[in-house]
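Open the model in your viewer and keep the selection panel at hand.

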Amino acid sequence: MISIGREFASKDISVTGRDLHEFAAGLYPICRSITGDGIRETLRQIKERIPLDIVEVPTGTKVFDWTVPKEWNIRDAYIADPNGNRIVDFQHSNLHVVNYSAPLCATLPLNELKEHLHTIPEHPDWIPYRTSYYKENWGFCLSHRQMQSLAEGDYKVCIESSLIDGHLSYGECYLAGRSDHEVLISVHACHPSLANDNLSGLTVATALAEFLVGRDLRYSYRFLFLPGTIGAITWLARNREKTERVRHGLVLTCIGDGGGFHYKKSRRGNAEIDRAAAHVMRHCGEPSETLDFSPYGYDERQYCSPGFNLPVGCLMRSVWGTFSEYHTSADNLDFIRPEQLARSTQLCASILDVLEGNRSYVNQNPCCEPQLGKRNLYRSTGGESIDIEINARLWVLNFSDGEHDLLDIAERSGLPFMVIQDAAQLLLESGLLAEALTTR
Amino acid sequence: MISIGREFASKDISVTGRDLHEFAAGLYPICRSITGDGIRETLRQIKERIPLDIVEVPTGTKVFDWTVPKEWNIRDAYIADPNGNRIVDFQHSNLHVVNYSAPLCATLPLNELKEHLHTIPEHPDWIPYRTSYYKENWGFCLSHRQMQSLAEGDYKVCIESSLIDGHLSYGECYLAGRSDHEVLISVHACHPSLANDNLSGLTVATALAEFLVGRDLRYSYRFLFLPGTIGAITWLARNREKTERVRHGLVLTCIGDGGGFHYKKSRRGNAEIDRAAAHVMRHCGEPSETLDFSPYGYDERQYCSPGFNLPVGCLMRSVWGTFSEYHTSADNLDFIRPEQLARSTQLCASILDVLEGNRSYVNQNPCCEPQLGKRNLYRSTGGESIDIEINARLWVLNFSDGEHDLLDIAERSGLPFMVIQDAAQLLLESGLLAEALTTR
Amino acid sequence: MISIGREFASKDISVTGRDLHEFAAGLYPICRSITGDGIRETLRQIKERIPLDIVEVPTGTKVFDWTVPKEWNIRDAYIADPNGNRIVDFQHSNLHVVNYSAPLCATLPLNELKEHLHTIPEHPDWIPYRTSYYKENWGFCLSHRQMQSLAEGDYKVCIESSLIDGHLSYGECYLAGRSDHEVLISVHACHPSLANDNLSGLTVATALAEFLVGRDLRYSYRFLFLPGTIGAITWLARNREKTERVRHGLVLTCIGDGGGFHYKKSRRGNAEIDRAAAHVMRHCGEPSETLDFSPYGYDERQYCSPGFNLPVGCLMRSVWGTFSEYHTSADNLDFIRPEQLARSTQLCASILDVLEGNRSYVNQNPCCEPQLGKRNLYRSTGGESIDIEINARLWVLNFSDGEHDLLDIAERSGLPFMVIQDAAQLLLESGLLAEALTTR
């Protein structure tokens, strides 16, 4: 019986955490965007760890209501003050340039320049992250403190970018299981130097895939590393027929910070992934909360659009948009933590365990309890209380009527899925259970 | 797109409130009852404001299990003390006489008189309101303090009333809309000098009808001004076939005092009117509470009797029977307030807005989100948070699958119906939505 | 109209309580087990009070997955210290011997003896209750304090028991009602000198049966006095076809102590017995709590096994296993109280009242309220509030649509079932209701 989560738990969490954080640190400096060499290099580094198809989709390709945009690349960008000093410099932080800024070289007075500057007055030392993917524009992001210190005068502005026909790139790692029913794990890979959003998701998804490679799995697994929104839309437009195989899915984002877990349910609200995630979180030992579906968020927006309505939820630690570091330079490598990355991976593994192990069984002795004692499955001295393992056997026997799966029984009993699954396995081996013909 | 509530909100609330209160003040002195000239005069004054059919139903008419009673009228009534002084005088307050008291002229010793006197010991200065419609009787109501001060002796009692064959009168204002599906607004008009119960309902219903006259409306509207219980029963008995057109309904009572709103749900419990009223109250800025249906109350008792089971709820501010002024002389013109009357009317108008505007739409781009940006329906700079209007568009798009109406979406999103409706309108105009063939 | 609970309530509770406690006191010293003369004598004493079939099932009989065990009887048992003093003596407490201990006469050094001794370190003065029904073994139970005081040396151990082919005995009291649909009341009768578990159940069940004998009852009643687990399994195996008649059932256990009531729902969770028990507890004036079904417990384990899934719940005061006296010598005659035994019996009687009286009616005047006043079923003076009886009539009339039974109406109205039932009876007599053709 596979138990990914338990196996993962047996590993040294500090070693796992360090590896995850180092992987994130290596990806951190790259200037990613929804197209271009930044995301290509990112996918290349992921491919060093897991089998990955890198797909290139040409500019102009129609994907549902959208069109794959021009490819954007950037070599350098800066603002020079009237004395010629580079005071805002892309080389120091790729957040300084509004992502997808068109190429430009110009000299402007301060008041005109300011129309293209973005700051965060509430956090005067942080640089915001801004984009302009679908409207050609340019801009710089800098700390509010710096902007306030700018003296009047003419500033030279230079953006050495290119915005031309090219490709949109995404990565796809498909691990075939015994069934072609799929579990979809989707992360966006388009954010530049931001750590929680979403190097955390990239590293956790990569670690999960690495962990699953070569295993005998019930489900097939598809890991998607995509530019946000347009990437998911592109994948869905090109793989419409595959979506019917998706039985469960997770979008991973903001999953490396110090907060407790948050799981946003799929649009369906009671899909097996929703129940599995809620169950595993309840028993994970960290604070956690389940949130109702809403149509704003990450790529679950696309997977859960009404034309697909896939059972895909979104797993986070702190919820995007609710922490002040979100979309700023403060979402850096210190904001994500090795141990949290490892624990997030482990939680995901435990959710996969539930999906892999959830089945319905039928009690072969449905009339009265079978005599567990004669099979050495009960305590021998009566009058004492029973332990959790025996209790789990009673729960499995009583509710294995073909209408309750193991996850139902785990939820109803309040016992962890693994304990219920172990009990079912033992009872199955004892001939007291048989697998139900059709798992609902 | 009609928006009665918004239009109403644009009016000066103090002007509206003053008008409503003045209308109530003009009706206050009239001695109404379930039949007779008091209710006739009341209907006449309402008819000065809105088109009203005044219907006269003869005494003795069978209406289901009931019979239209004799008509009651009264000119004068008093108790004179042993010295001949009129110490309890109908001319001072029509509450002094038990409503429907039979005519009488007699002299009685105090102890016999007392069997016909009604007081409220807990509120010794207030006069109670009592009736004896269906059992011929007589009586006087007075303050407890006055009753205790009565000296022994013979008292002259005189009631110049008449109780003879005549008619039961009610008023009906029908405003035809585009559909013959109806919204029913029902208020009782039989209480004498009591303000919250129910001049408040009369004035609010009249103002609503006045506001709707001449508009292009989705639904037809039927306003009923009836004597309580027997009036609703009479209307239902005479209009049985029309009840099938009633899609939504409200009984209005006790709706002018300083308390927060209370909505008692229809017997169905989840009718559209129940959801609409709860939704509008939730966003109205005043305290509010939804109550389960119970079979005691006002004329929802009849509309929600099991043979009709109409989707009719009851909207109140303070709940009848729970405030001490209820059915006493303290329910006077000071107890109802101009601003509260205006706000109650506005709340009703907002409920009607939901009924008028609630529809189901179908997203014409159900696979992935449509690109709102290219239609100028999205923010232009990425990385910032979205505003409530954009959020509403995402909600409407995601849940416009033909199975959720706009009210569902408003409830699920937590956004006000108007914001959701505006979003739907914009998306409809953009061709992103189409109206669903059948609204559930 | 039968009202067992009301009739029971009219009795002097202190007299009832004393009688119940005395009956328990008479049964207390008997050394019961799952077979043997102890349970036979217990059944004989019950049979002095109610008609009881005592059924004997031979050792070796196959009952589903189980086999009726050998019969166990015991005359004497003791441990003698090195000086020959009987320091642990079955004659002082039958808990001293592990129930079902095999016969033995031997001399052992203290360390070997200790492997067969059971104590409760947390309650050093109490003797635990232990059994070894299905694994041949022997042992003694004693206070932890005494065990700690034992000096080194050789101890004589003597158990004069017999474990040979014989019978399993159980008692069955069947009271035929107008229908062969049955109410099952099941209690275990196998515990030796333990009072709450389960002389309380035995006495309450006996009192209930005694109270029902000779009455005209809607349902037939079957009271089972069984050895725990094996007894219920044996009965079910021998009476499989009768189980289809069981419409409602209760297992009674731990029902005499000072705690509030606990009702554990049947596996179905919303059976009529579940609703009836919850309703009656809510109005009983004692603290009470409803618990979800779980597969560990008393004989509801068997009745609610998935092959039967009978609507059988379990009524307790303190929940077994949660009070420290459970399965110890402290669960003695002081731990159960006369008044609590009587009140438990009364609560059961009130639950039976609901089952006996619950029906669906159809309002014969479904359009509008019928005029209660002309039938003297309403107050005569209008304007005052109505009392609970009139309110109950309105509830019954409004919801008597053939889809709500009286228990539904009681639950929805918040009024006690008896008040609702009285109202229904009055309305039935007035011709305003008719019995629904099929009660759901």
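How many salt bridges does the rule find across the interface of chain A and chain B? The rule finds five salt bridges there. Bear in mind throughout that this is a predicted model.

**Stop 1: chain A against chain B**

To see one of these bridges, select Arg267(A) and Asp401(B). Their side chains meet in a salt bridge, with 2.9 Å from N to O. Across the interface of chain A and chain B there are also 18 residue pairs in polar contact, with both residues at pLDDT 80 or more.

Now widen the selection to the whole contact, which takes 27 residues from chain A and 27 residues from chain B. Chain A and chain B bury about 2300 Å² between them, and carbon and sulfur atoms carry 51% of it. On the chain A side, colour Asp65(A), Pro295(A) and Tyr296(A): these supply 29% of the area that chain A buries against chain B, more than any other three residues.

**Stop 2: chain B against chain C**

About 2300 Å² is buried between chain B and chain C, with 51% from carbon and sulfur atoms. Which residues of chain B lose the most area to chain C? Select Asp65(B), Pro295(B) and Tyr296(B), which together make up 29% of what that side buries.

The count of salt bridges between chain B and chain C is five. One to display is that of Arg267(B) with Asp401(C), whose side chains meet at 2.9 Å, N to O. Residue pairs in polar contact between chain B and chain C number 18, both residues being at pLDDT 80 or more.

**Stop 3: the axis**

**Stop 4**

Finish at the second largest pocket, which holds about 1100 Å³ of space. Of the 46 residues that line the second largest pocket, those closest to its centre are Tyr296(B), Arg379(C), Gly382(C), Gly383(C) and Glu384(C). Tyr296(B) was already selected at the second stop, among the residues of chain B that lose the most area to chain C.

Technical notes:
Residues are numbered from 1 along each chain as its sequence is written. Chains are lettered from A and ligands numbered from 1 in the order in which they are written. This is a predicted model: local features need pLDDT of at least 70, side-chain atom pairs count only at pLDDT 80 or more; totals for chains, interfaces and linings use all residues. Side-chain values use heavy atoms; hydrogens and water are left out. On a 1 Å grid over the protein atoms alone, a cavity is a set of points where a 1.4 Å probe fits but cannot get out, and a pocket is an open set with protein on both sides within 12 Å along at least five of seven lines; lining residues have an atom within 4 Å of a point. Grid points are joined across faces, edges and corners, and a volume is the space filled by probe spheres set on the points. Buried area is the accessible area (1.4 Å probe) that two parts lose on being put together, summed over both. A salt bridge is a side-chain nitrogen of Lys or Arg within 4 Å of a carboxyl oxygen of Asp or Glu. A polar contact is a pair of N or O atoms within 3.5 Å; within protein, one must be able to donate a hydrogen and the other to accept it, and residues adjacent in sequence count only if both atoms are side-chain atoms. Contact means heavy atoms within 4.5 Å.
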